[in-house]
Each structure stands twice: as structure tokens, then as C-alpha cells.
Amino acid sequence: MPYATNPVDGVRTYFEDAGGAAPPVLFYTGFADPLEVATAACLSRALSGEFRLIFADHRGQGGSDKPHEASAYALPTRVADAVAVLDALGIERVHFLGSSWGARLGFALGEHAPERLRSLVLCGNQPYAWNLESPAAQAVAAAIAASRDDGMKGFVESFESALSYRFPEPQRTWTLESNDPAALAAAWRSAQVEGPISQDLTRWRMPCLICAGKADEMHDDAKRAAEEIPGARFVSLAGHSHISAFYEADDLLLPHILELLRSAPPLR
């Protein structure tokens, strides 16, 4: 199995690489979503003919190592996970696609490792301090609490109940079988105290596409970030929520994503 080792703490990131000479795109999914959720997405299939797709599991999820200490999930350390994947593959700079938790990581890459990026496509998150009273944060907190007594079954059922949504198969089974509740709890404890990612988004210079479902509570802060980042574009997805925006709105997103990836400055 392919792993990249973080030089900061030795934690291994599991990844899958399509290979080839096409421009590389690194894809990270959401909280508790294993990379299979991304590999099976219609958007990935649409991009696969033109781009070299690389999928990675967040630390604490899927096939990656799962530390139980909150300190292991500090954003700069998680950025080093993604950089380790690029180093393992000998890739200098990459297009980055992130949904939800993956978009939060993408914002962190923009702040801490911009020299490794060709562009950012970020859907369903924002770079400011978390609002821990928001419905989404409350849903995660409740799911974490439920998992203490009933494992991943409790996590998934609590999350579904809070969102009035049932995850489709096989995503639901993947989520149940590939996660460790204690690792997810540690990651969430870290997120609760991480604060804003950047003190000045106006310094950013990489091409950015930021999107959010109109019904996503992250929508307005995602739009605010796009307004602060020079040249960034924001796409509001009418009729879509936090859950549906990235994986069910591919027909709306694909033209914007292709335009950004195709127009990014070439490697020198």
C-alpha cells in the first residue's frame, strides 16, 4: 500500500495515485470520509481523462495512521502530511481539490505551503475561526459524543439524525468500516481551538475557486474569503447544502473547475 511519512511526527498518509504525465490534482475529502468517497465521485471520473488524480486520506481517517492525541492534528502538521504525499511522488506543485474538511486543509495549504500549489478548489468550508455554536459544529460534537458509547455506528446515526440525511451506500459502509472514533474525536478537539488560518488573505497569490451550497452555513464566510483573496472566484450553488454541494452538483461545478485548472500558469 502506498504511504507518505510526515517528517514532523512519523504519521503515515495513505494515498492512491493514477499516475501518468498529466497535470496532477491532489484530492482530499470531508470529515470521516475515506478517499473512496472521492474516487467514486462523478467529478473525479470527469477529470480523470485530462488530469492525474491523487487521492489521500486525512490523518485519523481511512487508511492513514490514526493518532489519538489532539496535538497530532494541528493544521501545520496536517499540511505537512499533504506535502509528504507530493514529496513521495516527486511532485513540485499541484492543483488541490478539497471538500468540507478537505477544503479547510486546502486553506491551510494556501497559508503554510503556497509554493507547492498551482491552484486551489475549495468547497464547503472557510478559513476563519470555527463557530462552535453552528448547527454543523453541534452535529459533529453530538456525533463524537455518541461514538463514545456506540462506536462509528453511533457517530454515523447521530450525524444523520442531526442533518436529516442518510448517507448513500456504499459511502455509509465505507465511513463505518474505515474510521476510528477516538481519532475523529482527537481531530475535532484540535479543530475547536485552531482559530483562523490566516491573518491576511490579501497576501495570497495562487488561483482560487471557492464554492458553497447556498444552504450551507459556511456559504457567507466562504464568499467573504473569496472577496479577500486577490483574483479568487466564488460560486454559489443554489439548491445545495453542505452535504450535496461538492458531490451532487458536479454538473454545475465542473465547468468552473476545468476553467481554473486549464488556465493556471504552467510550471516553469
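How many bridges join S1 to strand S2 (residues 12-17), and do the two run parallel or antiparallel? There are 3, and the two strands run antiparallel. Some notes to go with the picture above.

1. Ground rules. You're looking at a predicted model, where local features need pLDDT of at least 70, side-chain atom pairs count only at pLDDT 80 or more, and totals for chains, interfaces and linings use all residues. Residues are numbered from 1 along each chain as its sequence is written, and side-chain values use heavy atoms, with hydrogens and water left out.

2. The sheet. Start with the open sheet: 8 strands in the order S1-S2-S4-S3-S5-S6-S7-S8, with mixed pairing. Its edge strands are strand S1 (3-5) and S8, each of which pairs on one side only. On average, neighbouring strands are turned by 20° against each other, direction ignored. A few terms: strands (E, at least two residues) and helices (H or I, at least four residues) are DSSP runs, numbered from the N terminus, and two strands pair if DSSP finds at least two bridges between them. As background, strands of a sheet pair through backbone hydrogen bonds, either parallel or antiparallel.

3. Strand S7. Have a look at S7 (residues 208-213): 6 of its 6 residues are buried, so the strand is largely enclosed by the rest of the structure. Buried here means under 20% relative accessible area, exposed means over 50%, and partly exposed is in between (1.4 Å probe, protein chains only). Both faces are covered, with Cys208, Ile210 and Ala212 on one side and Leu209, Cys211 and Gly213 on the other.

4. Partners of S7. Strand S6 (residues 117-123) runs parallel to S7 and is joined to it by 4 bridges, with Leu122 opposite Ile210. S7 also pairs with strand S8 (residues 233-237), again in the parallel sense, over 5 bridges; there Cys211 stands opposite Val235. From S7 the chain crosses through helix H8 (residues 219-228) to S8, and this β-α-β crossover is right-handed. That label applies if, with the strands pointing away from the viewer, the path from the first strand over the helix to the second runs clockwise.

5. Helices across the sheet. Helix H3 (residues 75-89) lies across S1, S2, S3, strand S4 (52-56) and S5, at about 145° to S3. H4 lies across S3, S5, S6 and S7, running at about 140° to S5. Contact means heavy atoms within 4.5 Å. The angles run from 0 to 180 degrees between N-to-C directions, using axes fitted to C-alpha atoms, for helices over the stretch in contact.

6. Helix H10. A quick length check: at 1.5 Å a residue, the 14 residues of H10 (residues 250-263) should span 20 Å, and the end C-alpha atoms are 19 Å apart, which agrees. The expected span is 1.5 Å times one less than the number of residues. Its buried residues are Leu253, His256, Ile257, Leu258, Leu260 and Leu261.

7. Ala32 has a positive phi of about 75° although it isn't a glycine. You'll find Ala32 in the loop between strand S3 (24-28) and helix H1 (36-39), buried at a relative accessible area of 2%. Ser100, another non-glycine, has a positive phi near 55°. Ser100 sits in the loop between strand S5 (94-99) and helix H4 (101-112) and is buried, at 18%. Finally, a cis peptide bond joins Glu169 and Pro170, with omega about 5°; Pro170 is in the loop between helix H5 (135-163) and helix H6 (171-177).
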